[in-house]
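Good morning, and thank you for coming.

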Amino acid sequence: MSRSPRHEKILQLVRENGFMPIEELARLLDVTPQTIRRDINQLCEENLLRRYHGGAALGSSVENEDYVARKGKLQSEKAHIADMIAEHIPDHASLFMSIGTTIEAVAQALTASHKGLRVITNNIHVASIMSANPDFNVLITSGVVRASDGGITGVATLDFINQFKVDYAILGVSGIEPDGSLLDFDYREVRVAQAMMNNARHRYLAADHSKFGRNALVRMGHISEFHAVFTDETPPEPLAKMMVEHNVRLHLAA
């Protein structure tokens, strides 16, 4: 479901003030404290806020949610985004594919529908999924495997990626700020994503609606650096306007 205007206002107030007491939110939004508590619980489930005694602050900017928990959330939305991206990738194309559960959904969609793809990834789950298609050529980067989610990062990863120039980079992100900043939690992962962006002719961003307004520590880039964004809900108005101004195509999953 789309995020309600009240939820958007709560997120705006928390971003502006750092911490907002429940009673103050109830007064400003003219609802009961019980309603605000329910709203905060829902936003915490999306990892957008963190609840504290008497109020709420932004979710952690330094620690991502557990991989298993992330993989279990918004599965239908991710699958629809993945199917939409697959429609925009031709057979016999070359791809970079990054870390992330949405990117793993894209891997599933491409494996089921495409032929002749050449894939370079730093995600062991993506490599495992796509190598099941005998018509694909899958290359997995060198580097250090992150035990938490199977992501591969490090200097060797960058050296490997910089050997290639591909047709498409399909990347995920942890958070998208209203000003268009793209954020993630691990600077090593960010450097890999930036290398993929720099060595691709077309850059596609895959992000479900929970990424809009989400907090994270490391700047990956700006939404204007992508040719297209694939998501399941219309972005907040300032972000949508910015995408139009920078000719970033918006694709909404049905």
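This is a predicted model: local features need pLDDT of at least 70, side-chain atom pairs count only at pLDDT 80 or more; totals for chains, interfaces and linings use all residues.

Residues are numbered from 1 along each chain as its sequence is written, and side-chain values use heavy atoms, with hydrogens and water left out.

The chain contains 10 helices and 15 strands; these are DSSP runs, helices being H or I of at least four residues and strands E of at least two, numbered from the N terminus. Its C-alpha trace spans about 60 × 35 × 30 Å along the principal axes. Of the 254 residues, 54% are buried, that is, under 20% relative accessible area with a 1.4 Å probe, counting protein chains only.

What does the interior hold? The largest nonpolar core has 30 residues, and F96, I176, L182, M220 and I223 have the most contacts inside it. Such a core is a set of buried Ala, Val, Leu, Ile, Met, Phe, Trp, Tyr and Cys residues joined through side-chain atoms within 4.5 Å. Elements giving two or more residues to this core include β12 (200-206) and β13 (218-222), while α9 provides the largest share, 6 residues.

A second, separate core has 28 residues, among them A82, A86, Y168 and Y204.

Returning to M220, its contacts (heavy atoms within 4.5 Å) include L182, V190, M197 and F226, leaving aside residues up to four places away in sequence.

Terms used. Buried means under 20% relative accessible area, exposed over 50%, partly exposed in between (1.4 Å probe, protein chains only).
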